[in-house]
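Please keep the sequence and the model in view while reading.

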Amino acid sequence: MYGNGGFGWIWLLWIGIVFLMFSSFGNWGYTYRMHRRFGAAPKGALDILDERYARGEIARDEYGRMKSEIARAPERNSGQ
C-alpha cells in the first residue's frame, strides 16, 4: 500500500535519534572538559561561613557577628 516510502521515514527517524545522542554526548563532554580546565569558582568568605554554620561548628550569635564583619570588610579596605 505505501511501498518503500514508509521505510525511508524510519531511517530518517533513526538518523535523527543518533544525531541527538551524539550531540548530547558532545555537549556533556565539552562541559566536562571546561570544568576540568578552569575548575570551580573559589569559595568566598560567606560561603565558608555558611558551611561552618550548617555543620554546627559555630553558634547563631557568632555566625551573625562574623557575617556582619564580612559585610563591612570592603568598607574598611576601600579607604586604604
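Leu13 lies in helix α1, which spans residues 5–38; helices here are DSSP runs of H or I of at least four residues, strands are E runs of at least two, and both are numbered from the N terminus. The model is predicted, so local features need pLDDT of at least 70 and side-chain atom pairs pLDDT 80 or more, whereas totals for chains, interfaces and linings use all residues. Residues are numbered from 1 along each chain as its sequence is written, and side-chain values use heavy atoms, without hydrogens and water.

Leu13 counts as exposed because its relative accessibility is 53%; exposed means over 50%, buried under 20%, and partly exposed in between, with a 1.4 Å probe and protein chains only. Together with Ile10, Trp11, Trp14, Ile17, Met21 and Phe25, Leu13 forms a nonpolar surface patch with about 780 Å² of accessible area. Such a patch takes residues with over 30% relative accessible area and no salt bridge, joining nonpolar side chains within 5 Å and like charges within 9 Å.

The protein has 3 helices and 0 strands. Of its 80 residues, 5% are buried.

The whole structure contains 1 aromatic pair. Tyr53 and Tyr63 are stacked, at 4.4 Å centre to centre and 20° between the planes; pairing requires ring centres of Phe, Tyr or Trp (its six-membered ring) within 6.5 Å, and planes under 30 degrees apart count as stacked, over 60 as edge-to-face and the rest as tilted. This pair links helix α2 (residues 45–55), which holds Tyr53, to helix α3 (residues 60–78), which holds Tyr63. Tyr63 is buried because its relative accessibility is 14%, whereas Tyr53, at 32%, is partly exposed.

Conventions: Areas by Shrake-Rupley, 256 points an atom, 1.4 Å probe, with all protein chains shown as cover. Salt bridge = Lys/Arg side-chain N within 4 Å of Asp/Glu carboxyl O.
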